[in-house]
Amino acid sequence: MTDPNTLSPLDLDTPDKTFLDANELVINMGPQHPATHGVLRVILRLDGEKVMGLECVIGYLHRGVEKIAENRTYTMFNPYVDRMDYVAAVSNGLGYCEAVEKLLNVEAPARAQYIRVILTELNRIASHQLWLGTHALDIGAITPLFYTFRDREEILKIFEKYCGARLTTHAFRIGGLQYESYDGFEKDVRNFVNFVKPKIDEYEELLTTNRIWLERTKGVGVISGPDAIALGVTGPVLRASGVKWDIRKALPYANYKNFDFEIPTGQSGDTYDRYLVRMVEMRQSLRIVEQAVEGIPEGPIMAKVPKVIKPAVGEIYHSIEAPKGELGYFIVSDGSTQPYRIRVRPPSFVNLQALDVMCRGQLVADVIAVIGTLDIVLGEVDR
Amino acid sequence: MIAKLKGEYGSGIEPLTYLGQNYMVVDRSLIPELLQVLRNEEQFDYCVDLTAVHYPKREKQFDVVWVLYSFARNERIRVKTLIAEGETLPSSIPVWATANWLEREVFDMFGIKFDGHPDLKRILLPDGWKGHPLRKDYGILQQDNEWVQINLGIESGQ
Amino acid sequence: MNPPVATPFFFYLLSGIMLIGGVLVITRKNAVHSALALITTLLAQAALYLMLYAPFVAGVQIILYAGGIMVLFLFVIMLISIERTMKERQFNKQWLVGMIAAASLGGLFISVYTTSTKGQVLFPEGRMAYGEAQNTQMIAALLFDRSTGMYMFAFEIASLLLLVAIIGAVVMSKKRI
Amino acid sequence: MHEFIDYIQSYLKTKDLTPGGDGNIFWATVYILLVFVGLSVAVIAMNWLERKILAHMQVRLGPMRVGPHGLLQPIADAIKLLLKEDIIPSEADAAIFWVAPFMVVLSAFTVFVVVPFGPAHAITDMNIGILFMLGVSSLSVLGIVMAGWASNSHYPLIGALRSSAQMVSYEVAMGLAVVSVIIMTSLNLDGVGSLSMIEIVKQQQAQGMWFIFKFFPLGLVGFVIFAIAMVAETNRAPFDLPEAESELTAGFHTEYSGFRWSLFFLAEYSAMIAVSSIAVTLWLGGWLRPFPNWLNGTTWDLVFSFFPGLTFLFFAAICFFNTVRMPKHPLFKIQTMGLAGFGVVLGLIGLAMFYGPVRERVGDIYWFSAKVAAFMYLYIWYRGTFPRYRFDQLMKVGWKVLLPMGLALLILTAGVGMRTELWAQVQEVLHK
């Protein structure tokens, strides 16, 4: 299934002809299962231990974020976006603020942009660290979890010092920032960069050449580049399949074009490549943070945005590279203070769709590894 | 590209730009063919998103929007079509496999049916739920009380 | 060496356990219960071997039968639907023939015992030829030694037979080799 | 009363006969009690140590609240478990559900009948010692299978299936490694080997080396095979698939709670100690102190006999060091006193071990326990480092790697053994 033209829907979702075969076993995993990272329910069709197909049942965490948006003003809706991908709340906020700014046709001042980039990239590292810890835990290595959480704590401390919140930060405002960076912000960030660099080596020491880790991840959950594109998979999962595409480079937003960084790609598109891609991404994020913290200019942190945000009639689609993939906001304005419709394009939701393709022909234990490697957050899948 | 498509399909396509973002409003009847053309000839190989907007006051109540991206051209485009209540659209799963869940979500939230979808059922809401919450006539506090009472055993979810 | 403690008592105890276990094996409806009863029987048998000053045989009995074969048995039985087997009628139509066969076998044992021992005591005071301390070594000598070994050929034939059985099992279970 | 004391003293003077071998029922009973109590204490200590060591590997503190440095945590947990409601699921097969944990515990503890803590420190010395150990420890699979089946639930059943398949397949490789050691024991002038645990250790002394170094690298390979197989046998990481919590919640004991669950816990740890003691006996010279033949003589005996006491004094010193480091706050007063008290107890035990008669008799037990403790640390270390194998990979390692290695090892050991000079001498003796 390498040519996307042959990727017919029959291959994806219709039950196999052998569905009523006596050898098939249907097993239900979740919604309360320690390895589904939340309330994901997976119905597995098994032949022995081999997965013949699976279906995801989602929606257990559905809160109707898009409906809420239609009943709030633009400003009021800002904190809600943090609750979608609560692991990378800053990225969500960045996407939303930039989308509304674009709709208003304003641009955040340079200083605000730099601080935004620093926080967003720190958040990307935090998200990847959380992913690594839980993913390794699913595969049975318990120690990386504690290492990553120890280091993630340092990022959360910076967030807390900056805006008072650790997880759902609500760090940005439409038009810029609400808070000026605190005294010693640059120093904290520099210290963190120096602190975490050897720590990432430490994670790699534990896993990258670990025989069992290699056996558990190599060749598991393979998805080819064309398949990944056809399924709309984005983020590290797409890059691990060999497609060198990152919105930060392809359609630069914020001020990413000022920074020098690489886009890591993998070749085989298996779980191990996705692991490596994310490890490199963490280092690249550190590179961006280093450059950004050196170049923070002086100046205002808030653009001229009216107190009551009332964009003209029109619609806009804006997307950013969240830690999980392409996070897009499609905003329709009817000229009032409330958005007429906000559609969130959640990366986890779309990536999760690929689970079926990635798990076919693998073993049950691999399903757990693949769910881990997709790096889904159910808050974002269900919204 | 727009000009070429315009030349081919004539009045069925209306190319527009807002704040530097291109989109086109396409007649419903042209949708199946146009999506194929965009995918195969214009290299829009990545379907970013598929969603809908409800305008209850209009005759054709729904906007259905495809957000497409082309890796080769590094370009994003939106395709928009207007349909009325009860009208169906052809499923675009044969064009982009990713449309599967996206179409299910649109069905779930707006009640727009897609012909040829292999498994068109609710995705986020429970299967037996009544109503399509993202329609404008569905209040924010409204819910399927009957479902809640039967399945959760409580008076109300509020 | 100190004399063994309460030999007749343990003999009767173990024999009783064995008999009860054996009866349970064929009367329980639940296959897993039957298998567990069989394991009990086999363990009691191992203990009887110990009483016969044959610790090596006892150890092998435990490892092979109780620890190995019966685990594989249970492995298969566990996956069988119990609800269905519980409903099945247990004694089939040959029970009469079976009873007769068992009775005649028992009669044979009794007659052999009565004619051969001719009123001798059940537990003679004599010791076994191979004492406990050297049991393993003696068995080895009996099997393999050049001068004293007499079962070498039989042993090798038995292992060959097992090899054939293993290959047969592999051939039968594998669809294509 | 006086006779009784004489009786005890007369036994204390014997140095090479186990109570079982002596036919001495009184002393055998005492030994059984001692081993049982010692084992329970070891499991409790192991529980605390595992949590502490694992915690320190994972940059956290581990239990710190119950008692100084969480020393009383295992006891608190034990009380909690004993007070918990003992739930038997309504759909479960009650009788088997009830029996299964006892089966597991029974097999895990019975094994210790033949474990030689010293030349005279074993409950009994069986002619088939190692066979007995392997046989009885293989019975614990039955208990696990019973538990999994009787729970009448999916996760325990799958856990039990995995567990039994795993244990049965790794037993084969384990057995082959053990047989290679038994071949090594026969390299004496009689040309007769032994299955007796005590005899195996004595042979290592007679041949002048631990069997791990015998026919280098054959002994080492056998040891490695056994060391891998024993981790799989005890269902510990990285072979802890039957209990893989990310896949099967808790495996075969998912439905168990309270006391019955703690029995499984007890059995798991004592099984770990049991297999470790097999490894120690077979490859690492059992109770033998380092270099018994090279550094021999009374002076060296004296030097090495100080080790047990010194170790306890060292632990006591650690306690006192931490007592000083305790926060000087009234809230910590009891904890500080407790830690100091614990240090005093350890110190007194250490001092007692310098007393001549005690010193002479605990040396064996000390060296044996120290070697077993090293294995226990290894277990914890594995758990902190390795991810979990997948089931098919586990089977692949067992059948396609360890089993052929074991077979080759067996043949090579036999071949090399026949080529030694000793064998030539044996042949001469036999042909005369």
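**Entry 1: chains A and B**

I began with the contact between chain B and chain A, which takes 30 residues from chain B and 36 residues from chain A. This is a predicted model, so I am reading a computed arrangement. I listed the elements that give two or more residues to chain B's side: strand S3 (46-54), strand S4 (62-70) and helix H3 (99-110) of chain B. S3(B) gives the most, with 6 residues. I then sorted the residues on chain B's side by type and got 21 nonpolar, 5 polar and 4 charged.

**Entry 2: which chains touch**

Which pair of chains has the most contacts? There are 3 pairs of chains that touch, and the most contacts are between chains A and B. I also noted the pairs that stay apart. Chain A and chain C are joined by no contact, and their closest C-alpha atoms lie 12 Å apart. Chain B and chain D do not touch either, with 25 Å between their nearest C-alpha atoms.

**Entry 3: chains D and A**

Next I looked up the contact of chain D with chain A, where 20 residues of chain D meet 21 residues of chain A. On chain D's side, the elements giving two or more residues are helix H10 (245-248), helix H15 (356-385) and helix H16 (391-419). The residues on that side divide into 9 nonpolar, 5 polar and 6 charged.

**Entry 4: confidence**

I checked the scores before going on with chain D. The model scores ipTM 0.75 and pTM 0.81. Chain D averages a pLDDT of 83, and 92% of the residues score at least 70. I wrote a caution to myself: where pLDDT is low, the predicted coordinates should not be read in detail. H10 is one of the helices on the side of chain D that touches chain A.

**Entry 5: the domains of chain D**

How is chain D divided into domains? Domain 1 covers 1-8 + 21-81, and domain 2 covers 84-287 + 394-431. Taken over C-alpha atoms, the centres of the two domains are 22 Å apart. I found 13 residues of domain 1 in contact with 14 residues of domain 2. On the side of domain 1, helix H3 (25-57) and helix H4 (73-83) of chain D each give two or more residues. H3(D) gives the most, with 9 residues. By type, the residues on that side are 11 nonpolar, 1 polar and 1 charged.

**Entry 6: D:Met230**

D:Met230 is found in helix H9 (residues 218-233) of chain D. Is D:Met230 buried or exposed? I counted 24 other C-beta atoms within 10 Å of D:Met230. A residue counts as buried at 20 or more, so D:Met230 is buried. Leaving out residues up to four places away in sequence, D:Met230 touches D:Met174, D:Val275 and D:Ala279. I also looked at D:Met230 and D:Met272, which are 42 residues apart in sequence but 8.0 Å apart in space, C-alpha to C-alpha.

**Entry 7: the nonpolar core**

The largest nonpolar core has 298 residues. Those that touch the most other members are A:Val100, A:Ile118, A:Leu355, B:Leu68, D:Met146 and D:Ala229. Helix H7 (residues 154-185) of chain D gives the most to this core, with 16 residues. I looked up what D:Met146 touches, not counting residues up to four places away in sequence: C:Leu36, D:Ile96, D:Val99, D:Ala100 and D:Met103.

**Entry 8: helix H5 of chain A**

I tested the length of helix H5 (residues 110-139) of chain A. Its 30 residues, at 1.5 Å a residue, should span 44 Å. The end C-alpha atoms are 43 Å apart, which agrees. H5(A) is mostly covered, with 27 of its 30 residues buried. After H5(A) comes A:Gly140, whose phi is positive, near 110°.

**Entry 9: chain C**

I finished with chain C. How many helices and strands does chain C have? I found 7 helices and 0 strands. Read along the sequence, the pattern is α-α-α-α-α-α-α. Of the 177 residues in chain C, 16% are buried. Among contacts in chain C with a separation of 6 or more, 51% come from residues 24 or more positions apart.

How values were computed:
Residues are numbered from 1 along each chain as its sequence is written. Chains are lettered from A and ligands numbered from 1 in the order in which they are written. This is a predicted model: local features need pLDDT of at least 70, side-chain atom pairs count only at pLDDT 80 or more; totals for chains, interfaces and linings use all residues. Two residues are in contact if their C-beta atoms, placed from the backbone, lie within 7 Å. Helices (H or I, at least four residues) and strands (E, at least two) are DSSP runs, numbered from the N terminus. Ala, Val, Leu, Ile, Met, Phe, Trp, Tyr, Cys and Pro count as nonpolar, Asp, Glu, Lys and Arg as charged, and the others, Gly among them, as polar. The expected span of a helix is 1.5 Å times one less than its number of residues. A residue is buried if 20 or more other C-beta atoms lie within 10 Å of its own, exposed if 12 or fewer, and partly exposed in between; C-beta atoms are placed from the backbone. A nonpolar core is a set of buried Ala, Val, Leu, Ile, Met, Phe, Trp, Tyr and Cys residues joined through C-beta atoms within 7 Å. Domain bounds come from an automatic or database domain assignment. pLDDT is the predictor's confidence in each residue, from 0 to 100.
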